[in-house]
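Please read them with the structure open.

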Amino acid sequence: MGTSTGATAVEPDAPDQPAPRPFRRGSGTSLRVGVATVWLSVIVLLPLAAIAWQAAGGGWHAFWLAITSHAAVDSFRVTLTISVGVTVVNTIFGLLIAWILVRDDFIGRRLVDTVIDLPFALPTIVASLVMLALYGNNSPVGLHLQHTAWGVAVALAFVTLPFVVRAVQPVLLEIERETEEAAASLGASGPKIFTSVILPSLLPALLSGAGLAFSRAIGEFGSVVLIGGAVPGKTEVSSQWIRTLIENDDRTGAAAISIVLLLISFVLLFVLRIVAARAARREEAAS
């Protein structure tokens, strides 16, 4: 009986495969940072540098005279006073509106949610025209706010409200209800739950929205140009005083006023960003 031996097939050696290159997290980072830096420089930094250069064109003495003149100081006073008041009011009501849009279910909620964004899309001069039609001398509701500080405040409140609502709304959506239910099960009241559980989580976003609203308010022009009337010392905000300086061919003075407004906005946003970051870290550590 013949025996047969089975031959074992031997596969040819596979060619050496190159080892996969380890993925580096920073791949392409330099290019992205470079592109972002160039774009930021062209769109933001270069215009700011140009206006700073123009403001310094007359020297420090001319700059100081421009920002300390009686008309400039009056415009700063009117601008900051009204803007602070509008920011406080919009912070409160912006939080309230964001709350009902997230937590309450009612007919027309989607419509209200869409209306909130209208001040972003509406040209500001149209907003001023609307305010004039509603609160002017022929007001259909009996409120005559033309050429008054209240008229300027209403116009600024209209254009700055969305900043607070849209800053708070997404954060409110992410807050877990389980924490609130746990606090309620331990006997905490509604106001106590809000101040101790909800508000600390909302504080960074609330401060950010308030800072953006204030910065927009102190630089606003279009929405107040008709309803305010630019009455010196009463309704003339800094942006309108800047226009007056430009019309009088005082571009150095106009640039100086602009630099002051820019510095106020930058310092405020920077401080609020630090406060918000610290509040966020405390909230993260507590959770």
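1. A polar contact here is a pair of N or O atoms within 3.5 Å, and within protein one must be able to donate a hydrogen and the other to accept it. Keep in mind that the model is predicted. With that cut-off, look at Ser 139. The side chain of Ser 139 comes to 2.6 Å from the backbone oxygen of Leu 134. The side chain of Ser 139 also reaches the backbone nitrogen of Gly 142, at 3.2 Å.

2. Where does Ser 139 sit? Ser 139 is in the loop that runs between helix H6 (124-135) and helix H7 (149-174). Is Ser 139 buried or exposed? The relative accessibility of Ser 139 is 11%, so Ser 139 counts as buried.

3. Next, helix H1. Residues 29-55 make up H1, 27 residues in all. From first C-alpha to last, H1 reaches 36 Å. That is close to the 39 Å expected at 1.5 Å a residue. H1 also has a kink of about 50°, and the kink is centred on Ser 41.

4. On to charges. How many salt bridges are there? The count comes to five. Some of them form a network that links Asp 113, Asp 117 and Arg 166.

5. An α-helix has 3.6 residues a turn, so residues three or four places apart point the same way.

6. Arg 216 pairs with Glu 220 in a salt bridge, and the closest N and O atoms are 2.8 Å apart. How accessible is each partner? Glu 220 has 4% relative accessibility, so Glu 220 counts as buried. Arg 216 is at 24% and counts as partly exposed.

7. Arg 243 and Glu 247 form a salt bridge too, with the closest N and O atoms 3.9 Å apart. The limit for a salt bridge is 4 Å. Both residues lie in helix H10 (residues 238-247), four residues apart, so about one helical turn separates Arg 243 from Glu 247. Arg 243 is partly exposed at 34%. Glu 247 is exposed at 57%.

8. Now the rings. A search of the whole structure finds five aromatic pairs. One of them is Phe 266 with Phe 270, which is stacked: 6.1 Å centre to centre and 15° between the planes. Phe 266 and Phe 270 are four residues apart in helix H11 (residues 251-286), so about one helical turn separates them. Phe 266 is exposed at 57% relative accessibility, and Phe 270 is partly exposed at 49%.

9. Which residues do ring pairs link into a cluster? Trp 60, Phe 63 and Trp 64.

10. Last, a charge over a ring. Arg 103 lies over the face of Trp 99, at 4.7 Å from the ring centre.

How values were computed. Residues numbered from 1 in each chain as written. Predicted model: local features only at pLDDT ≥ 70, side-chain atom pairs only at ≥ 80, totals over all residues. Heavy atoms only, no water. Helix = DSSP H or I, 4+ residues; strand = E, 2+ residues; numbered from the N terminus. Expected span 1.5 Å × (residues − 1). Bend = angle between axes of the 7 residues up to and from the residue. Salt bridge = Lys/Arg side-chain N within 4 Å of Asp/Glu carboxyl O. Buried < 20%, exposed > 50% of the residue type's maximum accessible area, 1.4 Å probe, protein only. Phe/Tyr/Trp six-rings, centres within 6.5 Å; stacked < 30°, edge-to-face > 60°. Lys NZ or Arg CZ within 6 Å of the ring centre and 35° of its normal.
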